Amino acid sequence: MAKISVIGAGVGGMSAAARLAKQGHEVTIYENSDRSGGKCRTEWFGDFGFDTGPSLLTLPAVYRDLFLKTGKRIEHILDIAPVDPAFNYHFADGKSVVFPNLSNPKTYLEIEKSFGKAASQGWEKIINRSEKMWEASRESFVESELRSIWPLLKRRNLLSQVKQIAPFTSLRKLSTDLNLDPHLKMIIDRYATYTGSDPRSAPAVLLTIAFVESTFGAWHIKGGIGQLSVALEQRCRDLGVEFKFNTLVTKILTSGKAVTGLQTQNGEVINSDLVVANADAEYVYNQLLDKNVSSAKSERRKLKAATKSLAGFSLLLGLDNSKGEAVNIEHHNVYFPKDYDAEFDQIFTKKTPVSDPTIYICAPKDPAMVKSSNKEAWFVLVNAPRHDVESGWDWRNGGDNYAKLIINKLDKLGLNVSNRLEVMQFRTPYDLESYAMAPGGSIYGTSSNSAASAFLRARNRSKVKGLFCVGGSAHPGGGLPLVGISAEIVANAIGKA
């Protein structure tokens, strides 16, 4: 069995560590901050608890499998319940539509109520197409280690899979070709932002998100999605994983083409047989590995060629309903602007904060996330350009003014925020870069803004022998389900190494 060092106590790092410890390896996690979870955490400010990273759990089976395979049933640890409705979408023309959870027939009926029969039939076509895409890509791509393109090209059903996935068709073009209702097109466009991408460039295969959300549902964990991180840390500890907090790894040490261990900020050298990096791949290859490591050069070239994902600007709003009239909203809410394309132009082309952004509000109906019944904790997120001092936007200043702009828009939407506001915190892309070691605050590392984007992500098994990459910036991508799958891929790869 190997001595394995894991860089980062994010969900990916802990998920991999738990599986590896169950295999019998000696595993230690080195984490720069004072707590586990990475981007996935529930934080408290006064009487209010906020999920400051993921605020939605889809495909919970990924984590049910992880806990089961490492010796515990997740149901005995976490209270996971479906959120119904899954989403409430609002549009600038005053129309809205509710998407019920775990029921396509009910969703079709709601769409018909809001936009008519033709729109409902169009969405049914979208779901049917997205299911075929999911079946074509799930086993061969999402759940498998992607070491090169050649195994995919050798598949017997390659032509039919390519036809379904449509790798050279953008998400926007597919919804246009299917003559989808304009309101529903905006919902489809939003799936690109799940991966930090532009729907006008992102591949149509991201449509699989529609199938995953509708089929496997939207879920909440009592006390916040961050409780998943708490449970993962305990699962790791129960399996003998050691945690070293407040320990910044500054180098991945190598000899020839193989890793030999780590070096920390205080100069300590940790000898290791294998290293699992749960850090942004760009940071791993450009900051932690020595520039002279020849086996890392091809990965550096890929990362340089890839478009970086968008970032996010978030508000944590603690509302006291005794100060003003409460406004009833759902658990997950999206408010679209009049001109959605302007948002992508400002982020990806002009690289400026969006003047009229799409606003996502997570308003959990969870008593465990507030300390009194008349209070609400809202997590508000808008898409934003990366922090880039040299050629983009400098997020070290101006965050307070941008927070006021968003709050003003919330008030104009009739959500009565200012009158009820007790706590307000904001997080810029610069803040995310600082505490999560994510270059530019890019939430997902690289974007999916091309047909080749999947192959530009970091491989789970590096060409640097003994180095493995896990998490949202590695294959198969960002989001809690994919991060959990990447951990399984890494654990299986090490098990076979």
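About 310 Å³ of space lies in the second largest pocket of this predicted model. A pocket here is an open set of points on a 1 Å grid over the protein atoms alone, with protein on both sides within 12 Å along at least five of seven lines; a cavity is a set of points where a 1.4 Å probe fits but cannot get out; lining residues have an atom within 4 Å of a point. Grid points are joined across faces, edges and corners, and a volume is the space filled by probe spheres set on the points.

The second largest pocket is lined by 16 residues, and Glu 143, Ile 485, Glu 488, Ile 489 and Asn 492 are the closest to its centre. Helix α17 gives the most to this lining, with six residues, and α2 (61–69), α4 and α17 each supply at least two. Helices are DSSP runs of H or I with at least four residues, strands are runs of E with at least two, and both are numbered from the N terminus. Because domain 1 and domain 2 both give residues to the lining, the second largest pocket lies between them.

The model is predicted, so local features need pLDDT of at least 70 and side-chain atom pairs count only at pLDDT 80 or more, while totals for chains, interfaces and linings use all residues. Residues are numbered from 1 along each chain as its sequence is written, and side-chain values use heavy atoms, with hydrogens and water left out.

A search of the whole structure also finds three cavities of 30 Å³ or more. The table gives the class make-up of three linings, with Ala, Val, Leu, Ile, Met, Phe, Trp, Tyr, Cys and Pro as nonpolar, Asp, Glu, Lys and Arg as charged, and the others, Gly among them, as polar.

| Space | Volume | Residue classes in the lining |
|---|---|---|
| Second largest pocket | about 310 Å³ | seven nonpolar, two polar, seven charged |
| Largest cavity | about 130 Å³ | ten nonpolar, four polar, one charged |
| Second largest cavity | about 40 Å³ | seven nonpolar, two polar, one charged |

Of the 15 residues that line the largest cavity, the closest to its centre are Phe 99, Pro 100, Thr 107, Glu 213 and Ser 214. Two or more lining residues come from each of α3 (104–115), α4 (117–142) and α9 (208–216), and the largest share, three residues, is from α9.

The lining of the second largest cavity includes Gly 49, Phe 50, Asp 51, Cys 362, Met 369 and Trp 378. Strands β4 (48–51) and β17 (375–384) are the elements that give two or more residues to this lining.

Leu 482 lies in helix α17 (residues 480–496). Its relative accessible area is 22%, so Leu 482 is partly exposed (buried means under 20%, exposed over 50%, partly exposed in between; 1.4 Å probe, protein chains only). Not counting residues up to four places away in sequence, Leu 482 touches Val 142, Pro 476 and Gly 477, where contact means heavy atoms within 4.5 Å. Leu 482 and Gly 399 are 83 residues apart in sequence and 31 Å apart in space, C-alpha to C-alpha.

The domain assignment gives domain 1 (3–39 + 57–80 + 222–306 + 449–494), domain 2 (104–216) and domain 3 (310–436), with bounds from an automatic or database assignment. The centres of domain 1 and domain 3, taken over C-alpha atoms, are 29 Å apart. Their contact takes seven residues from domain 1 and eight from domain 3. Between them, domain 1 and domain 3 bury about 490 Å², 58% of it on carbon and sulfur atoms; buried area is the accessible area (1.4 Å probe) that two parts lose on being put together, summed over both.
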